[in-house]
Amino acid sequence: MAGAPSQGTAQWSSRFAFIMAAVGSSVGLGNLWRFSAEAGSNGGGAFIMIYLACVIFIGIPVLMSEYIIGRAGNAASAIRSVGDVAGRSGVSKQWSILGVTGMAASFLIVSFYCVVAAWVIVYIPKFLSGSFTEQTPNEVSNQFSSLIVAEPLKEIINNPKDLFKAPKEVLLAFTGFAMLTSFLVARGVNKGIEFASKILMPLFFFLLFCLALYSLATGFSTQVVVDGNASNGSAEALKFLFAPDFSVITPKIATAALGQAFFSIGLGSAIMITYGSYLPNSISIPKSAIIVGLTDTCVALIAGLAIFPIVFSHGLDFSAGAGIFFQTLPVALSNAPGGNFIGAGFFFLAIFAAVTSSISLLEPMVAWLIEKLNISRLMAAAGAGFVMWLLGFGSIYISGFMSVLDGELTGAIMLPLTGLLTILFVGWRMKKSLVEEQMHGVSKGMQNFLIVLVRFVAPIFVSIVLIVGIISTYFAGKTTAEVFESNGFKRLLVLIACLVIILIWTRVKGRKA
């Protein structure tokens, strides 16, 4: 039957298993600190209101589009899924470039994601051993800095002995986490990805809820003075998060909320296309997209409740991004009653989120290798995992390498570009009958509403994310001469050249076929 999973393709055992895997993919380390950092630096409650609207009207339609392509395509890999759907829709198979960019983005992300996970792992014994107790903010910052040994590439080439400066605990944690990720993916959809997600995500939700309760309870007992009036940390946190001041809204804040909604759900990385290919026909895609999108949003809000009371109680900088996690929270938690155990629990929580995200990031590449090279899942996972491990050393040793992968390539271009191509393909090029086959489980009115969002609303705002990302990353604050001379612009040209080559390659391949 058209739209059924291809023969030999594994399927999720239940909707619960799929929801746990999909939410596990979306809920990662970024939910624990990026949401709080974005909300903190962009107006709090007003930012959150816009963010919620963007999740509902933009994030969920894009997510649904990725699921539709995955299940409609008779393949597991995103590239072949798009190509199959394009062929049956009578349009160019060059649309499969969205599978290429998404898969490449997820693979680049997982390489440095494993490095960040290694830092998280190293912090757990630091808390348990009391390494942060009675430490000043500068001393904690120095402990974090000691884990980062990245230097300019030229210096590494001139002094290769510097490669041995990396802390052994970081290298061991990075290697161990990369091996765990590869092992779980090698075990397959049901015994690996689904198994890990069904265990880790419920534990994650429980721990996050407990930490939020702890943070709120301790925050209510902590007195603070705000504008000359007595208050407490939790009251100020709740006011900041849920009492929006719409007068502070600017185009910058609205764009930040839009970008957070897009990246928070994990769109544009080919993950959800691949996960969608494992969906049985009995599971409703629109309902699943709504559940996953709203669950991810709830997790972000609860994470805010776990972090902001601590931030306000101790007068911390809530716009510090990853610094909240690795520098400011350790200072606050280590000096609180039972804080070392709470801190260790918080970082255990982060590891659960990191594992479910990392396996989802590696899966698109593994699925493609299995179909492209006709090899076993074990060989594909081992090969992809080894390359991922090698690429991760760039983020450990080369200064700026992680920033280039995260900020310049994937975040600014590849993810929003893939998301834009996805909704344009589903909304305007995919055969309507194929789309309608995948839209069961909701009323006809809801189907039409979601399709309108996919065709007319989401493309506009995802285009804004892409355009603003490119401008702010490569052009903002620079003269024309500075732009042309910058390394970032040169990398942009290389990326554009690669995309053109891929388009030419897919066109030639299509003609031969």
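Two strands pair if DSSP finds at least two bridges between them. In this predicted model, strands β1 and β2 meet that condition, because four bridges join them, and together they form a hairpin.

**The β1–β2 hairpin**

- Strand β1 covers residues 223-226 and strand β2 covers residues 229-232, and the two run antiparallel.
- Two residues lie between the strands of the hairpin.
- Asp-227, located in the turn, has a positive phi of about 55°.
- Within the pairing, Gln-223 stands opposite Asn-232 of β2, while Val-224 faces Ser-231 of β2.
- In a regular strand, side chains alternate between the two faces of the sheet.

**Packing of α1 against α9**

- Two packed helices are described by the angle between their axes and the distance between those axes.
- On the α1 side, the contact is made by Phe-16, Ala-17, Met-20, Ala-21, Val-23 and Gly-24.
- On the α9 side, the contact is made by Ile-193, Glu-194, Ser-197, Lys-198, Met-201, Pro-202 and Phe-205.
- Sorted by class, the contact of α1 with α9 comprises nine nonpolar, two polar and two charged residues.

**Packing of α8 against α15**

- The crossing of α8 and α15 is right-handed.
- From α8, the residues in contact are Phe-177, Leu-180, Thr-181, Ser-182, Leu-184 and Val-185.
- Their partners in α15 are Ala-354, Val-355, Ser-358, Ile-359, Leu-362, Glu-363 and Val-366.
- The contact of α8 with α15 contains nine nonpolar, three polar and one charged residues.

**Ser-288 in α13**

- Ser-288 belongs to helix α13, which spans residues 285-313.
- Neighbours within four places in sequence aside, Ser-288 contacts Arg-15, Phe-18, Ile-19, Tyr-67 and Ile-283.

**Pro-330 and Thr-328 in α14**

- Pro-330 lies in helix α14, made up of residues 322-334, and Thr-328 is also found in α14.
- Setting aside neighbours within four places in sequence, Pro-330 is in contact with Tyr-123, Phe-127, Phe-132, Val-140, Ile-324 and Phe-325.
- Pro-330 and Asn-340 are ten residues apart along the chain, and their C-alpha atoms are separated by 8.4 Å.
- Beyond neighbours within four places in sequence, Thr-328 makes contact with Leu-316 and Gly-323.
- A separation of 17 Å lies between the C-alpha atoms of Thr-328 and Leu-349, which are 21 residues apart along the chain.

Methods. Residues are numbered from 1 along each chain as its sequence is written. This is a predicted model: local features need pLDDT of at least 70, side-chain atom pairs count only at pLDDT 80 or more; totals for chains, interfaces and linings use all residues. Side-chain values use heavy atoms; hydrogens and water are left out. Contact means heavy atoms within 4.5 Å. Ala, Val, Leu, Ile, Met, Phe, Trp, Tyr, Cys and Pro count as nonpolar, Asp, Glu, Lys and Arg as charged, and the others, Gly among them, as polar. A crossing is left-handed if the near helix is turned anticlockwise from the far one by less than a right angle, and right-handed if clockwise.
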